[in-house]
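The sequence and the model are shown first.

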Amino acid sequence: MPQPETTATPHRVAVLALPGVIPFELGIPYRIFGMARSAARRRLYEVVTCTPEPGLVPTDADFPIMVERGPEALAEADTIVVPASYQLGPVHDEGRLTAPLAAALAHARPGVRWVSICTGSYVLAAAGLLDGRPATTHWSSTNHFQRLFPAIAVDPDVLFVDDGDVLTSAGVASGLDLCLHLVRRDHGTTVANEVARQSLVPPHRDGGQAQYIRRPVPEPQQATTTSARAWALGRLDRPLTLRELAAQEAMSVRTFTRRFREEVGVSPGQWLTQQRVERARHLLEDTDLSVDQVARDSGFGTPASMRQHLQAALGVSPTTYRRTFRATAGEGEPVRNDRNAEDAEDAEDAEDAEDARNAEAARNVQNVSTARATRPPRASSTAVANSSTG
């Protein structure tokens, strides 16, 4: 719940800069928390940067940074943020803390709130803070992260995971999403929205990491189903049967299905859906076609079918995806083809809102029966309701 207006000491945030830290991610906590103000313009957070060994800290850029505070600053923190570093060594490779890092983390007080940005999650995991909990990290590291820390419930799709006193974010800019979420959680939507406005970022982003991952069609190889795939890619706008695909390789349906899965890793039907999702993404990003036309041209037939598949694959609706990626015109309004398209998108927005309400109701029911008594309710970027309408 948002905290009431008081004259108490600001919430203390310590940002732990490790060798190889990424400057952009190191600056996110100060930018977001440092701008949060109460209605009386009082600073709501005090942000300090520290490091295990004070002095020049190398970064992944062509410059180091001077950090004067040592790990003692962690002892005074209410929240500790660990940004990503490219020099984690045994932490990343073996899942264990180095002696200096373990000594630094030992300064933290019991009950402190832990936050990681991107692969900073490896530090929290190596410290045992994520065992038995849900967490996320950059999408390119989720498989390695899960293998290294099997006791963690890794969610590769969300922008962040809020598990009460331990929060993890996905890659890079999702640190903005997580820090804004914390401001919203601590002090309410109005404060978080004002910080977002000042930072020129959206108060809340829909969906998760899946919508930002490019999945290009593999280059044709010497494989027995290559011709069928090339043939299908030129006809995605119409219904395609398994028998038609098999005929392109002069195979039986059974043989074609088996060899297709061996070569591509998924069934022909799953592959077709993936390619249609990619086609729809391209058309939504780069054309002015209406949602109805995009659905037809990508082979989904109807907007409802396309919406269902994009929700499953990307976690967002066609309208939301277009708003995120489509070039805008005028005063930031999405480009629209005609009035019918606008009406269709308005209707889809209403459906999205209804889906969100239904999902939230289902989560509330589940939380009643499964929430841990010792921990605040968890949340993720795809489970946070669209309450931040700045």
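**Chain totals**

The model is a predicted one. Its protein chain contains 15 helices and 13 strands. Of the 390 residues in the chain, 46% are buried.

**Two helix pairs**

Two packed helices are described by the angle between their axes and the distance between the axes. The table gives both values for each pair.

| Helix pair | Angle | Distance between axes |
|---|---|---|
| α1 and α6 | about 25° | 9 Å |
| α8 and α11 | about 40° | 11 Å |

Helix α1 spans residues 23-35 and helix α6 spans residues 174-187. Angles under 35 degrees count as roughly parallel, and α1 and α6, at about 25°, are therefore roughly parallel to each other. The crossing of α1 past α6 is right-handed. On the α1 side the contact is made by F24, I28, P29, I32 and F33; on the α6 side it is made by G175, L176, C179, L180, L182 and V183. Sorted by class, the contact of α1 with α6 has 10 nonpolar residues, 1 polar residue and no charged residues.

Helix α8 covers residues 226-233, and helix α11 covers residues 268-286. With an angle of about 40°, α8 and α11 are therefore oblique to each other. Here too the crossing is described by its hand: α8 passes α11 in a right-handed crossing. R229, A232 and L233 are the residues of α8 that meet α11, where their partners are W271, L272, Q275 and R279. By class, the contact of α8 with α11 comprises 4 nonpolar, 1 polar and 2 charged residues.

**Helix α7**

Which helices do the buried residues of α7 pack against? They pack against α1 and α6, the pair whose axes are 9 Å apart. Helix α7 runs over residues 189-199, and its buried residues are V191, A192, N193, V195, A196 and S199. Just after α7, L200 adopts a positive phi of about 55°.

Taken together, α1 and α6 contact each other through residues including I28 and L180, and the buried residues of α7 pack against both of these helices.

Terms used
Residues numbered from 1 in each chain as written. Predicted model: local features only at pLDDT ≥ 70, side-chain atom pairs only at ≥ 80, totals over all residues. Heavy atoms only, no water. Helix = DSSP H or I, 4+ residues; strand = E, 2+ residues; numbered from the N terminus. Buried < 20%, exposed > 50% of the residue type's maximum accessible area, 1.4 Å probe, protein only. Axes fitted to C-alpha atoms, helices over the stretch in contact; angles between N-to-C directions. Parallel < 35°, antiparallel > 145°, perpendicular 65-115°, else oblique. Left-handed = near helix turned anticlockwise from the far one by under 90°. Contact = heavy atoms within 4.5 Å. Nonpolar A, V, L, I, M, F, W, Y, C, P; charged D, E, K, R; others polar.
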